[in-house]
Amino acid sequence: MESQITEIESELKCVLEKVSWLPGFYAIPPEIQIAGSKAYQQGKIYGIDAASGAAILALDVRPGDHVLDLCAAPGAKLCMLADTLGTTGSLTGVDVAKHRLAACRTMLQKYCLGDRTRLFVADGTLFSILPVNSRMQRMEGSIGVEENGSTFPEWTSRRSWKDRQKTKKANANGPQHLLATLEPELIYYGKHSGLVGLCKSDVFCPSVDNEACTSGYDKVLVDAECTHDGSIKHIQKFEFWGWKTLDRRILDAGRTENLLQLQLHLLTNGFKLLKTGGSLVYSTCRFAEDRFG
């Protein structure tokens, strides 16, 4: 480990300062760019702010846990969750923006952390799909080939003709940012995510009644969209973006209220999907909408 640190310091031409309260984290000066370094390109390091790392640490992920990230994009926290989870349990990432979730998929593959992960494009306030392995008793007898042969093979980045036509048709109908009436779209699943060989109808079956109490997620992260006014780094950007941008993104009462309702609905749904005795971490970097009625 020390030899790797020395190698990375030599390449970045700076000293990596260990973050004493956050295991495995090292701080670098803000002017240092890691994207062009070999260490970053080879997947030896990734960038994530300390506050995000603290949220993951607070979740206290243990081996065998089934973990849900309801607002997964752009992916740094998802990678840390997968890294912490290791070779047991499962990780489910959800995000409403397909292009941002695709970036999560790229990150997981780059760092070889997606083996136990599945990614759904879905509205986090409505998502209701439970972990696969925790529902095996309910699904007993469903594993294998359905009458129409619709089971999950090993994942491949190559899409079938049917999937390409489906995407083409969706694009022709215009952008679909609101997925309230759409079925969640699975855009990635790892070899050991529990999906390979399962019937698709069982995997996409939403939870019923109080099923999540016994078959839900052990850990849920709700890192909700916010105004970012609690982040010094973001606030400093308004010096360049200008007053109008500050007014639109932070001071606008309508937007703040909309974000408040979104956060409340995400938090409520996160609790609905949590197993009895499980843990949920809610994190945002804002003050403007720091209230729930």
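So, where does D209 lie? D209 sits in the loop between α7 (200-203) and α8 (212-215). Keep in mind that this is a predicted model.

Why start there? Most residues other than glycine have a negative phi, and most peptide bonds are trans. D209 has a phi near 50 degrees, which is positive, and it isn't a glycine. Its relative accessibility is 79%, and anything over 50% is called exposed, so D209 counts as exposed.

Next up, C112. Here phi is near 55 degrees, again a positive value in a residue other than glycine. You'll find C112 in the loop between α5 (98-110) and β5 (117-121). With 70% relative accessibility, C112 is exposed.

Then there's a peptide bond to look at: A73 to P74 is cis, with omega near 10 degrees. P74 belongs to the loop between β3 (66-69) and α4 (76-85).

Okay, on to the annotated residues. An unreviewed UniProt entry puts a "binding site" annotation on D95, D123 and D223. Those three span 129 residues in sequence, but no two of their C-alpha atoms are more than 13.9 Å apart, so they gather at one spot.

Let me zoom in on D95. It's in strand β4 (residues 90-95), and at 9% relative accessibility D95 counts as buried. Beyond its neighbours within four places in sequence, D95 is in contact with several residues, including C71, A72, A73, R100 and F120. A73 is the one from the cis bond, and its backbone nitrogen lies 3.2 Å from a polar atom of the D95 side chain.

As for D123, look in the loop between β5 and α6 (161-172). That's my tour, thanks.

How values were computed. Residues numbered from 1 in each chain as written. Predicted model: local features only at pLDDT ≥ 70, side-chain atom pairs only at ≥ 80, totals over all residues. Heavy atoms only, no water. Helix = DSSP H or I, 4+ residues; strand = E, 2+ residues; numbered from the N terminus. Buried < 20%, exposed > 50% of the residue type's maximum accessible area, 1.4 Å probe, protein only. UniProt positions renumbered as here; feature names shortened; annotations may be inferred. Contact = heavy atoms within 4.5 Å. Polar contact = N/O pair within 3.5 Å; in protein donor to acceptor, adjacent residues only side chain to side chain.
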